[in-house]
Amino acid sequence: MSKRVLVVDDEQSIVTLLQYNLEQAGYEVITALDGAAGKQKALEEKPDLIVLDLMLPKMDGIEVCKQLRQEHVQIPIIMLTAKDDEFDKVLGLELGADDYMTKPFSPREVVARAKAILRRTKQPDVKEQEENGLSFEIGEVKVFPEQYEAYFKNEQLELTPKEFELLLYLIENKGRVLTRDQLLQAVWNYDFAGDTRIVDVHISHLREKIEENTKKPLYIKTIRGLGYKMEKPKVQ
């Protein structure tokens, strides 16, 4: 079954261009021309990926992203904008977007990024991964990379794709001190204009989900002046 992509943009020419290129790449495409309709289709159609414009009538892309995440919809989101605005960029990613592209963009690049995000969704089940050693465990946190699932105290965590990738990278490098720049490069795959605030925001989000006391974290430790380190909690 082909993956389904929801394209939300108020410029019909862009919608048509993206729809054509995504369909040529083998995806089924759903479209919406305003934010309210985009959110509704995301909830009803449950696509595998959303390509979401920032400036939209009725409800802007930031608000769409925010409301979907508040309703625990963890569909990956690529945000599009005509503004090369660093504040918008950081805010969009803080609210749960997974990637960000500035117009004008190459349709091929959008397709390439869509493929990269969707590549992980063809996954074996959790039991198969455990049997084959394809899981990571530290304390009461367990991560299944192929399934794109993580658990804390046997309860599945609700993570955005970037939160998951950050947790996976931390657990793969447990015991190592990782700088914010290292985390930025590893998880976001490019230097985010040197703005490491996005790392701190995602670390904060992870702590809210796997720490009993976020002010005294046991798993993700802050190494002052350097970065972060994930370690197994010491037995009290």
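**A guided look at the chain**

Guide: The chain has nine helices and 12 strands, and the model we are looking at is a predicted one. Of its 236 residues, 49% count as buried.

Visitor: What makes a residue count as buried?

Guide: A residue is called buried when its relative accessible area is under 20%, and 49% of the 236 residues of the chain count as buried.

Visitor: How do you know that strand β1 and strand β2 pair?

Guide: Two strands are said to pair if at least two bridges are found between them, and β1 (residues 4-8) and β2 (residues 28-32) are joined in the parallel sense over five bridges. To see one of these positions, look at L6, whose bridge partner in β2 is I30. Together with helix α1 (residues 12-24), these two strands make a right-handed β-α-β unit.

Visitor: Why is that unit called right-handed?

Guide: If you hold the strands so that they point away from you, the path from the first strand over the helix to the second runs clockwise in a right-handed crossover, and the unit of β1, α1 and β2 is of the right-handed kind.

Visitor: In what order do the five strands of the open sheet stand?

Guide: The order is β2-β1-β3-β4-β5, with parallel pairing. Within this sheet, strand β3 (residues 49-53) and strand β4 (residues 77-81) pair over four bridges, and V51 has I78 as its bridge partner in β4. Helix α2 (residues 35-45) lies across β1, β2 and β3, and its direction makes about 145 degrees with that of β2.

Visitor: What makes β10 and β11 edge strands in the sheet of three strands?

Guide: That open sheet is antiparallel and has the order β10-β12-β11. Because β10 (178-179) and β11 (220-223) each have a single partner strand, one side of each is left without a neighbour in the sheet.

Visitor: How do you know that β10 and strand β12 pair?

Guide: The requirement is at least two bridges, and β10 and β12 (residues 227-230) have two bridges, in the antiparallel sense. In this pairing T179 stands opposite G227 in β12. Helix α7 packs on the sheet and touches β10, β11 and β12, with its direction at about 70 degrees to that of β12, while helix α9 lies across β11 and β12 and runs at about 145 degrees to β11.

Visitor: Why are α8 and α9 called roughly perpendicular?

Guide: Helix α8 (residues 180-188) and helix α9 (residues 197-210) pack at an angle of about 80 degrees, with their axes 9 Å apart. Angles of 65 to 115 degrees count as roughly perpendicular, and therefore α8 and α9 are described in that way. Their contact is made by R180, L183, L184 and W188 of α8 and by I198, V199, D200 and H202 of α9; by class, five of these residues are nonpolar, one is polar and two are charged.

Visitor: How do you know that α7 and α9 are roughly perpendicular to each other?

Guide: The axes of α7 (residues 161-172) and α9 come within 10 Å and cross at roughly 80 degrees. With the range set at 65 to 115 degrees, α7 and α9 are therefore roughly perpendicular. Among the residues in this contact are L166 and L170 of α7 and I203 and L206 of α9, and the contact divides into six nonpolar, two polar and three charged residues.

Terms used
Residues numbered from 1 in each chain as written. Predicted model: local features only at pLDDT ≥ 70, side-chain atom pairs only at ≥ 80, totals over all residues. Heavy atoms only, no water. Axes fitted to C-alpha atoms, helices over the stretch in contact; angles between N-to-C directions. Parallel < 35°, antiparallel > 145°, perpendicular 65-115°, else oblique. Contact = heavy atoms within 4.5 Å. Nonpolar A, V, L, I, M, F, W, Y, C, P; charged D, E, K, R; others polar. Buried < 20%, exposed > 50% of the residue type's maximum accessible area, 1.4 Å probe, protein only.
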